[in-house]
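User: I'd like to go through the charged side chains in this one. Can we start with whatever forms a network?

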Amino acid sequence: MKKLHTLRTILTLLALTVAASGCAKWYKTESKPNLSGRISGSVIYRERIALPPDAKIVVSLEDVSRADASAIFVAQQTLRPSGQVPIQFDLRYIPSAIDLRHRYNVRAVILDNRDELMWTSTEAYPVNFNEAEKPISIMVQRVGNPVAANAPKSNIAAFKCDDLEFIAKFPNNDKVEIMLAGRTITLPHVISGSGARYSDGSTTFWNKGNEALFEMNGVSYKGCKTDPLPPPPATAPSPQAKGK
């Protein structure tokens with residue numbers, strides 16, 4: 001009887017050892033990489049055209065997992081370069097916002113001083129967070145001469161936050177159009193105890209005077225204040241007007 005009890009004890013210990021070994025392998029396989037929270041690289045273009053001194057470059061990280069839906073904004077960096085291409089970027093993101101099962105791309109655009117599109121990336125530049133980090137070179141393509149917007153400037157306001165820049169367009173009192181680099185988000189007006197609030201449940205824009213709060217994908221962008229748009233270029237008087 002004593003020998004039988006000893007044999008059962010040995011078998012139980014062996015089973016526990018095998019189970020522990022299997023768990024160790026599972027944890028090793030499922031362990032997540034240590035994400036740095038930063039993506040670095042450069043933005044370039046082929047044209048032999050000088051980058052305007054007042055241009056800005058916007059680099060975005062997007063979740064492109066769903067083929068039947070638009071990309072989901074994750075992070076963004078706005079650069080005001082003082083030199084010419086290649087322009088280096090250092091995009092920061094929140095590691096906890098990354099799902100290793102999803103697919104992610106980075107894209108870049110170059111805008112003029114009125115936020116009109118000048119260059120844009122047309123190819124996919126994937127980011128694999130399961131592999132070692134390496135710099136990404138983003139090639140952007142010229143899109144032609146920018147066309148000035150026809151909307152009344154009194155209905156448009158540019159906002160600069162701590163980590164984000166965008167333009168808010170108010171076509172009427174029922175909605176606001178948030179214009180980010182390469183995409184526009186339309187938010188309906190909702191009841192607010194103070195200020196003007198627009199939200200679709202996942203993205204919220206709250207504005208009071210010259211200050212605003214913008215929330216998107218669980219990230220709150222603070223310190224948002226109006227950034228005056230530059231006035232349109234002055235039109236030279238016609239020869240007939242000079243003669244009068």
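Analyst: Lys56, Arg80 and Glu165 are linked in a network of salt bridges. A salt bridge here is a side-chain nitrogen of Lys or Arg within 4 Å of a carboxyl oxygen of Asp or Glu. This is a predicted model, in which local features need pLDDT of at least 70, side-chain atom pairs count only at pLDDT 80 or more, and totals for chains, interfaces and linings use all residues. Residues are numbered from 1 along each chain as its sequence is written, and side-chain values use heavy atoms, with hydrogens and water left out.

User: How far apart are the closest N and O atoms of Arg80 and Glu165?

Analyst: They are 3.0 Å apart in the salt bridge between Arg80 and Glu165. This pair links distant parts of the chain, 85 residues apart: Arg80 is in the loop between β3 (72-79) and β4, and Glu165 is in strand β10 (residues 165-172). Strands (E, at least two residues) are DSSP runs, numbered from the N terminus.

User: Is Glu165 buried or exposed?

Analyst: Glu165 is buried, with a relative accessible area of 14%. Buried means under 20% relative accessible area, exposed over 50%, and partly exposed in between, using a 1.4 Å probe and protein chains only. Arg80 counts as partly exposed, at 45%.

User: How many salt bridges are there in the whole structure?

Analyst: A search of the whole structure finds 4. One of the pairs is Asp90 with Arg38, whose closest N and O atoms are 2.3 Å apart. Asp90 lies in strand β4 (residues 87-92) and Arg38 in strand β1 (residues 38-44), so this pair ties together parts that are 52 residues apart in sequence. Asp90 is partly exposed at 26% relative accessibility, and Arg38 is partly exposed at 38%.

User: Ok, what does Asp99 pair with?

Analyst: Asp99 forms a salt bridge with Arg101, with 2.9 Å between the closest N and O atoms. Arg101 is exposed at 72% relative accessibility, while Asp99 is partly exposed at 21%.

User: Where is Glu62 found, and what is Glu62 in contact with?

Analyst: Glu62 is found in strand β2 (residues 56-63). Leaving aside neighbours within four places in sequence, Glu62 is in contact (heavy atoms within 4.5 Å) with residues including Arg103, Tyr104, Arg107 and Arg183.

Methods. Helices (H or I, at least four residues) and strands (E, at least two) are DSSP runs, numbered from the N terminus.
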